[in-house]
Amino acid sequence: MTQAALSQIENGKRPGQETLKRVSTALGISESLLYLMGLEKEDVPEQRSSLYNELFPVIQDLVARLASPEEKSPQ
């Protein structure tokens with residue numbers, strides 16, 4: 001990925017599907033998790049905003065746990 005492409009993403013431009021596929025592969029996570037990580041309140045219809053406000057913190061925590069490297073269990 002070029003520095004210019006990364007800069008565009010950092011400045012709010014949504015990447016294309018191929019870029020998302022490459023990023024998810026590089027991070028070792030599914031594209032679905034990547035989409036969920038990028039979900040913003042503006043992406044949700046206004047009539048669903050109360051549901052978003054209630055559930056999104058839980059979803060964010062779940063996605064963060066799924067995307068982080070596995071912790072080794074104590075032996």
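Biologist: With which residue does D43 form a salt bridge?

Modeller: In this predicted model, a salt bridge requires a side-chain nitrogen of Lys or Arg within 4 Å of a carboxyl oxygen of Asp or Glu. For D43, the closest N and O atoms of the pair are 2.6 Å apart. The partner of D43 is R14.

Biologist: How many residues apart in sequence are the parts that D43 and R14 tie together?

Modeller: D43 lies in the loop between α3 and α4 (49–67), while R14 lies in the loop between α1 and α2. The pair therefore ties together parts whose separation in sequence is 29 residues.

Biologist: Is R14 buried or exposed?

Modeller: A residue counts as exposed when its relative accessible area is over 50%. D43 has a value of 33% and is partly exposed. R14 has a relative accessible area of 57%, so R14 is exposed.

Biologist: How many salt bridges does a search of the whole structure find?

Modeller: Besides the pair of D43 and R14, the side chains of E18 and R22 meet in a salt bridge at 3.8 Å, N to O. D61 also forms one with R65, with the closest N and O atoms 3.2 Å apart. For the whole structure, the search gives 3 salt bridges.

Biologist: In which helix do E18 and R22 both lie?

Modeller: E18 is partly exposed at 47% relative accessible area, whereas R22 is exposed at 59%. The two residues are 4 residues apart, about one turn of the helix. Both lie in helix α2.

Biologist: By about how many helical turns are D61 and R65 separated?

Modeller: D61 is partly exposed at 38% relative accessibility, and R65 is exposed with a relative accessible area of 61%. Both belong to helix α4 and are 4 residues apart, so their separation is about one helical turn.

Biologist: Is S24 buried or exposed?

Modeller: S24 is found in helix α2. Leaving aside residues up to four places away in sequence, S24 touches I29, S30, E31 and L34. The cut-off for a buried residue is under 20% relative accessible area. The value for S24 is 3%, so S24 is buried.

Biologist: How far apart are the C-alpha atoms of E54 and S24?

Modeller: E54 has its place in helix α4 and is exposed, with a relative accessible area of 58%. Along the chain, E54 and S24 are 30 residues apart. Their C-alpha atoms are separated by 27 Å.

Biologist: Which element gives the most to the lining of the largest pocket?

Modeller: The largest pocket has a volume of about 380 Å³. Two or more lining residues come from each of α1 (3–10), α2 (17–27) and α3 (31–37). With 3 residues, the element that gives the most is α2.

Biologist: How many residues of the lining of the largest pocket are nonpolar?

Modeller: The lining is made up of 16 residues, and those that lie nearest the centre of the pocket are I9, R14, P15, L20 and G38. The lining includes 3 polar and 4 charged residues. The number of nonpolar residues is 9.

Terms used: Residues numbered from 1 in each chain as written. Predicted model: local features only at pLDDT ≥ 70, side-chain atom pairs only at ≥ 80, totals over all residues. Heavy atoms only, no water. 1 Å grid on protein atoms, 1.4 Å probe; cavity = no way out; pocket = protein on both sides within 12 Å on 5 of 7 lines; lining within 4 Å. Points joined across faces, edges and corners; volume = space filled by probe spheres on them. Nonpolar A, V, L, I, M, F, W, Y, C, P; charged D, E, K, R; others polar. Buried < 20%, exposed > 50% of the residue type's maximum accessible area, 1.4 Å probe, protein only. Contact = heavy atoms within 4.5 Å.
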